[in-house]
Amino acid sequence: MFQQIAADEPPPEGCSAFVVIHEKHTCKTNEIKKLLKKANKRPRPYLFKGDHKYPTLKEDGPVVILYAEMGTRDFVKFHKILSEKAQKEEIVYVLRHYVQKPRSRKMYLSGYGVELAIKSTEYKAVDDTQVKVTNETTKEEDEEEEETDVQGFLFGKLKQLHPDLKNNLKEFKKHLIETTNSMEPLKVWELQDLSFQAAARIMSTPAYDALKVMKDIAQNFPIRARSLTRVPVDKQMRNEIEENQKHLHETLGIQPGEARLFLNGLHIDLDFHDPFSILETLKVEGKVMHGLHELGIQEEILSKFMRLHIHPADSSYALDIRHSSVIWINNIEKDRSYITWPASYQELLKPTFPGVIPQIRRNLYNLVLFVDPVQEDTDDYMKLVELFYHHNVPLRIGFVFILNTEEEIDGNEDAGIALWRTFNYVTEESDNFQATNCIIHMYHEVKDGNVLTVNHVKNILRREYPHADVQSILGVHSEYDEGRKAGATFYKKTGLGPLPQALFNGVPFSKEEMNAAELEAVILQRIIDASGFFQRAVFMGLLNDHINAVDFLMDQNNVVSHINPSILGAERKYLRFRSTSVPFDVQDFSTFSFLDSQDKSAVISDSMKYLTKKDEDVLYAVTVWIIADFDNPSGRQLLSSALKHLKTSSHIRIGVLNNPSSKIKEDNTAIARGILAAFLTQSNRSLKSFLSKLTKEETAKSLAAGTKIVKILLPGMNDDAFEKKYNTLGLDIIKTHQMFCQEVLKLLPGQMAVVSNGRVRKELSSLSFFVVTFYFLEFQFPTKENTSY
C-alpha cells in the first residue's frame, strides 16, 4: 500500500528516500527547515489508520511523511533529523515504506485449496431379487482383489499365512485404501459428528501433544477428515460440549461452530486484530499482572482482580435528557403515526436483515439538538430533522433552543425570540405537530448561506394563521414567552461546547460528527449500535415491557448531569511504579539522569513523603502528587487548595514535586526548599500548619524581602531539625524533580499537574484542586453521584 502511495506522489527522480511536507517534496535534508516554515498554510495530508507515527504527544503540528527503505543510509540520515524534531514536538513524523527499485521476484504463500463436495443422496429403486446374486459375485470379486497388491502388500498371501488375523488384515487393507485417496469425498452421514470426533481425538492425546495434534487437524483438516470419522465419541463428552454450546449461546451469543478469542476476558476481534496487535495486548495484560504480583496479589486473588469490571478507556458519558427545557416534537410511544408498530421489547430479538432498524413503539432512540435559531448552519440541522421526522424513522427528536435571556425583549427585533413565541402560539392553537411543521417551513424560506430573520417568521405565521395578531404574539409583553430562559439555563448547566450540539441517548457527538453532511449517517449508525445494547438487555432480562426505555437509559452508570472535558476527558496516561532492583537516592542527581522512565518513577515514588488528615498508619485509597513551581503564586494557590480539601477528606494523602519555571538557584527556590525540608523533618500536624502559612502571599513577600525562613517557623515544630535540613538540602533534589517532570511527565517548565494513583492530569489552569481530586475519586470509586458531580 505504501509503495502505491509513494508512486502516486510521485517520488523525485533519483531519490531512494524523500519527505513530503504538506504537498512539497524534497530528498535533501537541508531543505526540511525551509519547507516547514509555511507548511501550515498548505493543505494537511490525510493520514491512514495503518500509518506509522513516531510516538509523541503532539498531534496538531506540521506533518512530515518520510518515504524510505529501512536499513539504508538515506533512511538513517532522514530519521535522525525527523525523530529529533518529533521529540521536541515540532512536527508529526510519519514513516511510509518505499523501495526505489523493487524486485520483480514474487513471494510465494503456502497453503492448500480444497473443495468439500457433499453429494446428493436421493432415494433409488433397488431390485432385491438380485441381492443374492450380488453377494455371490462379491465373494468372487474379493478373491480376485486379494491377488492385487495394495501399497506393496499382497493380502491374499497374508490371509493364507495368518488366517487367525483375517479381520485385522481386512481393517489394515481398508486403512491403506483410504489413505491412498485421502481426499475422497465423505458421505453426508460421516459429516454430522466430525467436529465432535475432532475434539475427541484432541482430548484423547496426552497433554504434552494435544496442542500439536490440534494444530495438525486445523491446518490439514481435509486430509485428516476421513480418519476422524472412525473416532468414537464418548457420550459424556458429547453432553458436556452441548452444555457448553448452550451456555456460550445464552451468555455471550456465540452460536455452535463460531469461534471467539478472549484474553483475560477481553474480546479479541480477529477481523481487526493481527498477531502483532494481539502481542501488544498480551504485553499490556502482562504488565498489569506483573504489577499486581509485585503488590503481593497472587494466585486466586490475582485472577479475581483480573475479572473485575472496570470502565473501558473509551467509555462515553451521557447527559440526563429528562429535562423540562427539551421540547420533544414527537413521541414514539404515544403519537398516532406509530400506532401500528409493535410495543414489546421482544421484537428486538427477532432476526432482521443487517442494517435494518427495528420499528418498535418505544422511545429507544432519542436525539436532542441544542441550537441557536439564528446561527448560519441551523437550517441544515432542521432539514435533517425533517428527513427523519417525515420518513418515520424510530427516532424521538427534541430541541433545546438557546435564546436571549434578557427580561424584556422584542420579538420584532430578535428572530430567535420570534420563533419561540410563534412555536408556543401554534402549539396552543393546534398541537406540537403543527408547531414543528411551522418551524420547518420557516427554515425553508432561508436561502443557503443566510440566517433566519424576523420576516421569515412573520411570513409563515401570517400564511398559516392569517387571523393571528402578529404584534401581540411577538411583542415585548407577549403571553407566549413562557419557558424562554429554560433552554439557555439547561445548556449552561450541561457544560457542552460551542453550539450547535447534539445528544444521542444523552451521549454528545464529537466536533467531527457534527458536520451536517455526515450527521445523518452517524445517527443511523448510532441507532444500529444502540440496538445491540438493547437486545442484550432484553435477552439478559434487564429490560422488560414494564420498564420505561428513557428511564432505563438514564439509570445507566455513565449518565451525568454535567460534561466537563477536564474531568471526564478520555485521555488517560499512567505512570509505572515497579520498583528498581538497585536502591537509588533521590538527591543523587547525576545517577538519576541515567535511569529510564520507569526507574525514575520508582525512585520518586520510593522517596515521596506524604501529608494526611490524621496521624494514622492506614492504607489510603487515593495518593495525589501536587506538581507546580511553589515559588510562583499559582503553584502556591494549587497547594493551598489541596490543603483545604485535605481537611474534609480522610481517604487521601498528598505529596509534592517541584517543577521550577526558571533556572534553579538558591534565591528563587526558598519556598520549594522550605516545603521539602518540612516534609522531611516535621510531624504531620506541624507540617500542615507550616505549609498553610508558607503558601500565603504575605509569607512569600516577606521571604522575598530578605526574611530568614526560620523566623516564620511555628510553635511545636522541630526547629533544629528543620534548620539543619534546610541549610544542607542543596539543589540536587529539586533538579531531580525537574528532570522527572520534564522527561517522564512531559511537562513544560513551571507547568502544573496532578498525579492521582499514577494517572497524570495537566489541564489545571483554571481548575480548583477540589474539582480535580473529585475527578480522580470518580474513577477510583465510580458511583452515579460522583460522575454526576
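Select helix α3 (residues 73–87) to begin, where D74 and K77 are three residues apart and therefore separated by about one helical turn; helices here are DSSP runs of H or I with at least four residues, strands are runs of E with at least two, and both are numbered from the N terminus. D74 forms a salt bridge with K77, the closest N and O atoms being 3.6 Å apart, where a salt bridge is a side-chain nitrogen of Lys or Arg within 4 Å of a carboxyl oxygen of Asp or Glu. D74 is partly exposed at 25% relative accessibility, as is K77 at 40% (buried means under 20% relative accessible area, exposed over 50%, partly exposed in between, with a 1.4 Å probe and protein chains only).

This is a predicted model, in which local features need pLDDT of at least 70 and side-chain atom pairs count only at pLDDT 80 or more, while totals for chains, interfaces and linings use all residues. Residues are numbered from 1 along each chain as its sequence is written, and side-chain values use heavy atoms, without hydrogens and water.

Next, select E743 and K600, whose side chains meet in a salt bridge at 3.6 Å, N to O. E743 lies in helix α30 and K600 in helix α24 (residues 597–607), so the pair ties together parts that are 143 residues apart in sequence. E743 is partly exposed at 38%, whereas K600 is buried at 3%.

Then move to R636 and E697, a salt bridge with its closest N and O atoms 3.0 Å apart; R636 is buried at 5%, while E697 is partly exposed at 32%.

Finish at D320, R322 and D551, which are linked in a network of salt bridges.
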